[in-house]
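Morning, everyone. I'll take you through some helix geometry today. Have a look at the screen.

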Amino acid sequence: MMTGQFEPDEEYKRRMRARNIVVGLLLGGFAVLLFAITIVRMKESL
Amino acid sequence: MSTSHSAVQLPADWRDFYALTKPRVMSLVVFTGLCGLLAAPGTIHPVIGFTAILCIALGAGGAAALNQWWEADIDAGMRRTAGRPLPAGRMARTSARDFGVGLSAASVLLMGVAVNWLAAIILALSVVYYAVVYTIWLKPRTPQNIVIGGGAGAFPPLIGWVAVTGDITLMPVLLFAIIFFWTPPHFWALALFVRSDYAKVGIPMMPVVAGEASTRKQILGYCVILLPLSLAPWFVGGAGAVYAVSALILSGLFLALSVPVALRRSTGPDDAMRPEKRLFGYSVLYLFVIFAALVADRWISVQGLA
């Protein structure tokens, strides 16, 4: 339960660590995609 | 957030955010969008094509999250949906809303900047159509919710097509129409065997409002319309013989499976509803295969094999 009670630290830290990893991977992938789009568009405009 | 107290709120798991996007529905959306993109005349750079499909997926995910944010109370009352992150209490409602708005906005913006703005506008329309017109307005008010709301799921092949061509022609509109007319028999077949759940939460699904007999006749009616409509891309010269034969067989079978559904009546709570479940299962397969046939037909045409 999101609103339920739990003993702190372990579960909280595990979830936040997992979320940070997922967000980091997504942002990294997004940056790579934007870079690739920029390269493609630059080549098309040449 | 401090963790020094004896008890604190547990943050939502990332898997719950993923579940908000309705991944199974998204797979059909991505597939039809990809087929629209691959069947369109013209070429698109693989990176731009990938971006277009990613945007369609993100838009669909965002709309699904907004749908679940709005319907959390309704979902809690149905067995099929009670385990979703919001009704199960694993996530705050505002998190789902913000996630949905963020995903939707990012998908439209990226589509516009990276692909083209016409595709972005149609994507934005599809998100608003699903999250506002269908979820908030139609679904709780009219038994025609699925008919009109079916338009939301019909957008992906149109968006995929426009991502390549940059304009709207008859062919992508026909692809839109095929999914539009496919949606009522698909959902009403499901609604027939989960009828009690919809009735319990007060959603005016066709079997609840118009009754089982009327719904069964309408399923047959839409399947009858779908047969010539699925052949229309061939009639207008937008697809070849491979597609035409596939569409004829697939739509013919769809119609054949809808006949026993139209002719029978539920025998009560113990009825296994096999014809309805069979029709629902086949409807999913139908959409996958007919769009795959369209792409195969286009590929054969490009390769000069036909």
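Start with helix α6 of chain B. Its buried residues are covered by elements including α3 (46-70), α5 (93-114) and α7 (145-165) of chain B. Covering here is a matter of contact, meaning heavy atoms within 4.5 Å. Helices are DSSP runs of H or I, at least four residues, numbered from the N terminus.

Housekeeping, quickly. This is a predicted model, where local features need pLDDT of at least 70, side-chain atom pairs count only at pLDDT 80 or more, and totals for chains, interfaces and linings use all residues. Residues are numbered from 1 along each chain as its sequence is written, chains are lettered from A and ligands numbered from 1 in the order written, and side-chain values use heavy atoms, leaving out hydrogens and water.

Back to α6(B). Its buried residues include B:A119, B:I122, B:Y130 and B:L138. Buried means under 20% relative accessible area, with a 1.4 Å probe and protein chains only. The helix spans residues 117-138 and has a kink of about 35 degrees, centred on B:Y129. That bend is the angle between axes fitted to the seven residues ending there and the seven starting there.

Next, a helix pair within chain B. α8 (residues 170-193) and α13 (residues 274-303) pack at about 165 degrees, axes 8 Å apart. So α8(B) is roughly antiparallel to α13(B), the label for angles over 145 degrees. Axes are lines fitted to C-alpha atoms over the stretch in contact, and angles run from 0 to 180 degrees between N-to-C directions. Among the contact residues are B:W182 and B:H186 of α8(B), and B:F280 and B:F291 of α13(B). The contact divides into 16 nonpolar, two polar and two charged residues.

Now across chains. How do α1(A) and α3(B) pack? Helix α1 of chain A, residues 10-45, meets α3(B) at about 135 degrees, with axes 9 Å apart. On α1(A), the contact includes A:L33 and A:R41; on α3(B), B:F50 and B:T51 are among the residues.

B:K22 is not a glycine, yet has a positive phi of about 50 degrees. B:K22 sits in the loop between α1 (14-20) and α2 (23-39) of chain B. At 15% relative accessibility, B:K22 counts as buried. B:M273, also not a glycine, has a positive phi of about 50 degrees. Its loop lies between α12 (241-263) and α13 of chain B. B:M273 is buried too, at 7%.

How values were computed
Helices (H or I, at least four residues) and strands (E, at least two) are DSSP runs, numbered from the N terminus. Angles under 35 degrees count as roughly parallel, over 145 as roughly antiparallel, 65 to 115 as roughly perpendicular and the rest as oblique. Ala, Val, Leu, Ile, Met, Phe, Trp, Tyr, Cys and Pro count as nonpolar, Asp, Glu, Lys and Arg as charged, and the others, Gly among them, as polar. Buried means under 20% relative accessible area, exposed over 50%, partly exposed in between (1.4 Å probe, protein chains only).
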